[in-house]
Amino acid sequence: MCRLAGILLLLVSLFSFFNNSFVHGDNRKHNKAPYTEEERMAEYVRQGYQFPFDTYYPETPGFREIMDQRFAQIRSLTDTQMKWDGWIQTVNAAVSTPNFTEYGWGLSQAPDLLTLDIRQAIYEGLPRARSEGGVDVIDGPVNPLFIDRPDLNARAMRELQPILESWAGIELVPAQAYGFRLYRNESSLWMHTDRTQTHVISCIYHIASSDDSEPWPIVIEDYEGNTQMAYLEPGDLLLYESAKNFHGRPTKFDGSWYTSLFVHFYPKGDWQHENHDTKAHYAIPPDWAKVIPNDVVPKLEVIGTSMMNPLCDDHWCNLKTAKKVFGPGQYNTVLTSNGQISSLHLDGATDDEEL
Ligand SMILES: [Fe+2]
């Protein structure tokens, strides 16, 4: 079995060892496997992994339930490429990447002046917006548009960093501010996680949408195993641990355009010196290619770095039981699971002083 898995892994790696989708500034093309299957297995054993996994990060009943279901879905897949890509995403989310917050997501708001300036730039840039090109995790009849304003990307990254550092409780290194993408009518974004190497503590910064837009939720799974549907207002920030919390916009957008900026940071310190791709690969069990049919869990398809349930409404079964949260968020606070609200202390005050 191990030999067969090794051959399969080699074939998969020749095709695309690392996931090769371009989600939002997350290009993983042209990487080759840096080890043989035998070496990978030796690391699996040396690091003490076993499947089912001993520990998820975080270890909560709800997160374990939803990740267990995903592993069962992946084990039932028959397509080898889908299977390998599914293992990578789910191992990253559940096992090989630590969490930094209690629930993995939160709703906040950017400084008003930043939002005002960016909104003005978006409306001015609309007539000259270029096509972003095809993005393989975005489904829809037309490609997104794109407005290039690197000056505002850099400013947003600078001004939002204290918000994300306060939320995550760690110092961060700026990785990327990707935008401004304008989704177009009937677009949807498959559920996915981002690249662990650089997209760890992130935010989706909603800027504006056309007057004819219907509300369009960002969907995110939290660490209690809930699926949250967040309806953002202009200026809202959806803070999230983007390498761990599956997120997307599986419902179809109804409107002319909808624009956001994606801002990504990673932890300061040793983080950048570790290879987080191989770290996940070492945790994938030797029999990863085995097909274990399962009629209980909803059917899953893996599309590069993303996932969907082809037989459910809006291609994501857990929307049926999703919790809804509505913006606007509030500057200097974070609203998260169970309606919990906390201060970001951006003014330097402590909770005691604010009582
Ligand atoms: Fe993403």
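Helix α5 (residues 112–125) and helix α6 (residues 150–168) have axes that come within 11 Å and cross at roughly 160°. Here, axes are lines fitted to C-alpha atoms over the stretch in contact, with angles running from 0 to 180 degrees between N-to-C directions. Because angles over 145 degrees count as roughly antiparallel, α5 is roughly antiparallel to α6. On the α5 side, the contact is made by L114, D117, I118 and A121, and on the α6 side by L152, R155, A156 and E159; residues are in contact if their C-beta atoms, placed from the backbone, lie within 7 Å.

This is a predicted model, in which local features need pLDDT of at least 70, side-chain atom pairs count only at pLDDT 80 or more, and totals for chains, interfaces and linings use all residues. Residues are numbered from 1 along each chain as its sequence is written. Helices (H or I, at least four residues) and strands (E, at least two) are DSSP runs, numbered from the N terminus.

Now turn to strand β9 (residues 227–231), with Q228 and A230 on its covered face and T227, M229 and Y231 on its uncovered one. Strand β8 (residues 218–221) runs antiparallel to β9, joined by four bridges; strands pair if DSSP finds at least two bridges between them. Opposite Q228 of β9 stands I220. Five residues lie between the strands of this hairpin of β8 and β9, where G225 takes a positive phi near 85°.

Strand β15 (residues 323–326) also pairs with β9, running parallel to β9 with four bridges. There, M229 has K324 of β15 as its bridge partner.

Terms used
Parallel < 35°, antiparallel > 145°, perpendicular 65-115°, else oblique. Contact = placed C-beta atoms within 7 Å. Buried ≥ 20, exposed ≤ 12 C-beta atoms within 10 Å, placed from the backbone.
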